[in-house]
Amino acid sequence: MSQSHMIAPRRFLPSVNALLAFEAVARLGSATLAAQELSLTQSAISRQLKTLEAQLNVALLDRQGRQLVLTEAGKSYVIQVRDVLNRLAQASITARTNPIAGALNLAILPGFGMHWLAPRLRDFAQSHPEVTVNLSTRLHPFSFQNSPFDAAIHFGKEDWPGVRYLPLMPETVVPVCAPELLTEPLEDPSQILRYALLHLETRPRGWSRWLSALGVTQEPPAGMMFDQFSTMAQAAVHGLGVALLPTFSAEPYLRDGQLVLASTQTTQSIGNYYLVWPEDRAETAALQSFKTWLGGQTGQVL
């Protein structure tokens, strides 16, 4: 669809160079440091700032000694400027990567990404060759506004501010341990408290929830703490204790005989997985294609 008019009058559109200069000075507090970062002279930075303030007819920076400090207007403006510059950079990367549909930058949780999503991505790539999926690991919620990500995989509850949700699946967990630790699964879940329990940083109450769901009110003992399922699984393989793993993380180890089930209780869920994306940003064609495909993989209807 053709655009028959300008996006905005030119007098309201500062140059990218002026915005870069302002953002750098706002972040570094010094025209000298901003000039070094942008490979410009200090006088060039000063000219850009004066031009920008004149164009907006508002003071963005105050000089306090040797420091340049943001005014109230400057504090509000720099947040929007950073968002605009990030989006412009991302749009440019997307256009360069694939001018038709572009890239989808997805933040993933390592266990889910490695054991559940990665084996299925070939199907998405085959059905959507116009989309390039870039994966990066993030363990905790973050601000989409200052990040390069289009969407993320989230575990837990709907407690990530400023996003929309696509529910994917519950996380079904199973207790597993080295074969030499247990000859057969425990019938009574409370008996697991006799063994060393391994914990995950992002699931600090995982064992408590699992035990509580099975009617065990006693709190589990503290134990070794891990930041990823993969390292916790390796600790379990080496006999350091019982790990509570999602079924998709546990299956390869159980299949190879490196780990065995430590309990007959294998259907408990301690939270849900979601795809999340920023609610204040237009959805790209790549994101829409991925959402539709992912919903089909997990049986969720959009």
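The legends below describe close-up views of one predicted model.

In this predicted model, local features need pLDDT of at least 70 and side-chain atom pairs count only at pLDDT 80 or more, while totals for chains, interfaces and linings use all residues. Residues are numbered from 1 along each chain as its sequence is written, and side-chain values use heavy atoms, with hydrogens and water left out.

**View A. Salt bridge between Glu 23 and Arg 27 in helix α1.** The closest N and O atoms of Glu 23 and Arg 27 are 2.9 Å apart; a salt bridge is a side-chain nitrogen of Lys or Arg within 4 Å of a carboxyl oxygen of Asp or Glu. Helix α1 spans residues 16-28, and the two partners sit four residues apart in it, about one turn of the helix. Helices (H or I, at least four residues) and strands (E, at least two) are DSSP runs, numbered from the N terminus. Glu 23 is buried, at 12% relative accessible area, whereas Arg 27 is partly exposed, at 42%. Buried means under 20% relative accessible area, exposed over 50%, and partly exposed in between (1.4 Å probe, protein chains only). Glu 23 and Arg 27 also belong to a network of salt bridges with Glu 37 and Arg 82. The structure holds eight salt bridges.

**View B. Salt bridge between Asp 83 and Arg 87 in helix α4.** Here the closest N and O atoms are 3.1 Å apart. Both residues lie in α4 (residues 72-97), with a spacing of four residues, about one turn of the helix. Asp 83 is buried, with a relative accessible area of 8%, and Arg 87 is partly exposed, with 35%.

**View C. Salt bridge between Glu 171 and Arg 203.** The N to O distance in this salt bridge is 2.9 Å. Glu 171 is in strand β6 and Arg 203 in the loop between β7 and α6, so the pair ties together parts that are 32 residues apart in sequence. Glu 171 and Arg 203 are both buried.

**View D. The largest cavity.** Its space is about 80 Å³, and the structure holds one cavity of 30 Å³ or more. On a 1 Å grid over the protein atoms alone, a cavity is a set of points where a 1.4 Å probe fits but cannot get out, and a pocket is an open set with protein on both sides within 12 Å along at least five of seven lines; lining residues have an atom within 4 Å of a point. Grid points are joined across faces, edges and corners, and a volume is the space filled by probe spheres set on the points. Residues that line the cavity include Glu 171, Arg 203, Trp 207 and Phe 229. Elements giving two or more residues to this lining are β6 (163-177), β7 (199-200), α6 (206-213) and α7 (229-237).

**View E. The largest pocket.** This pocket has a volume of about 480 Å³. Among its 32 lining residues, Leu 139, Phe 155, Gly 156, Thr 202 and Arg 203 are the closest to its centre. Strand β5 gives the largest share of the lining, five residues.

**View F. Strands β3 and β4 with helix α5.** Strands β3 (residues 102-108) and β4 (residues 131-137) run parallel and are joined by seven bridges. Leu 104 stands opposite Val 133 in β4.

How values were computed
Two strands pair if DSSP finds at least two bridges between them. A crossover is right-handed if, with the strands pointing away from the viewer, the path from the first strand over the helix to the second runs clockwise.
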